[in-house]
Amino acid sequence: MATHDFGVPLESALARRERLADDYAHEYGAERVFPELTGAVQSEIPGGSRVLEVGAATGLMTGPLLESSAMLTALEPSAGMLRRLLAKDVASSEKLNVLRGMTEDLPRDVAYDVAVVTFTPRRGLGLMKLLLELAIRVRHRVVMMLPEDGSMDWAYLSRSAAAQGFDVRSRIVRGEGAQRAVVFVAELANWTPTFTGEETWAAEARETTVPAPPPRGVATRLVRFFLLSGDRALLVHTDREWIDRIYGNLRTAAHRLGGGEITVRREEDGVMLIRLPRTGEE
């Protein structure tokens, strides 16, 4: 698994998105978007807003967002997904602007009132970096639809965003049966763009790189995050001359904080934190 700034190997996620674009029997994202969730997101858009939709895919949320927006920009990195969106009736709306690309591709002097993110493949640190990229392009509010799958990414994001000065709200929205999702809202009124992102480097989910020499307290922070993350394993990379030190510190922190829930294993190119299975867990 590649390590990079997005907190998840986006290359493979985008390649999968492109493959699914040709599956016309499947409406991408339909299994995760349900009426109660759509209504919850629409309620976060003030009347007359210029809205940025991040990850528009084939336009499942584009129609509902158009209903609540004065102007809507639908942003999607997959050419195949955009072909399907542009083939829909919603594409004829004079209120709709469609762009291919990612948030980082947008000019920084573009200002939207609200940004809505639909189930981004980014995780961990990648979510915080996405929020920061959006915050410098949005006036009032960022709304994210996130999975409620036990990963706790939304809880980590809420805590980190609040620490950086965002006014944060998050709630679980339930639909029929087992349908559940989290609506995360970051208000920008009291936020100023002074954060560089370096303070949360250690929170990247699944795989992360520790700078050399390791910062003080890094092992404790990694173990605490891992306990909250819901992931089965976290691979920690660092320069080879520091691997033994990180290994020892992580063993100490895991013993002190893990309560028998995790173990630490030395790998060839890093150190692995592994969640131990509970009784009855596969």
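Accessible areas here come from the Shrake-Rupley method with a 1.4 Å probe. The model is a predicted one.

**Exercise 1.** State what the accessible surface of the protein comes to, and what share of the residues counts as buried.

*Solution.* The accessible surface of the protein comes to about 13,600 Å², and carbon and sulfur atoms account for 50% of that surface. Turning to the residues, 51% of the 282 in the protein count as buried. The secondary structure around them consists of eight helices and 11 strands.

**Exercise 2.** Classify the ring pair formed by Tyr156 and Phe225, and locate its two members in the chain.

*Solution.* The structure holds two aromatic pairs. In the pair of Tyr156 and Phe225, the ring centres are 5.3 Å apart and the planes stand at 75 degrees, so the pair is edge-to-face, given that planes over 60 degrees apart count as such. Tyr156 belongs to helix H6 (residues 153-163) and Phe225 to helix H7 (residues 218-229), so that the pair links distant parts of the chain, 69 residues apart. Tyr156 counts as buried at 6% relative accessibility, and Phe225 is likewise buried, with a relative accessible area of 6%.

**Exercise 3.** Classify the ring pair formed by Phe166 and Trp191, and state which parts of the chain the pair ties together.

*Solution.* The ring centres of Phe166 and Trp191 are 4.9 Å apart with their planes at 15 degrees, so the pair is stacked, the cut-off being under 30 degrees. Phe166 lies in the loop between H6 and strand S6 (167-174), while Trp191 lies in the loop between strand S7 (180-187) and strand S8 (207-209), so the pair ties together parts 25 residues apart in sequence. Both Phe166 and Trp191 are buried.

Methods: Residues numbered from 1 in each chain as written. Predicted model: local features only at pLDDT ≥ 70, side-chain atom pairs only at ≥ 80, totals over all residues. Heavy atoms only, no water. Phe/Tyr/Trp six-rings, centres within 6.5 Å; stacked < 30°, edge-to-face > 60°. Helix = DSSP H or I, 4+ residues; strand = E, 2+ residues; numbered from the N terminus. Buried < 20%, exposed > 50% of the residue type's maximum accessible area, 1.4 Å probe, protein only.
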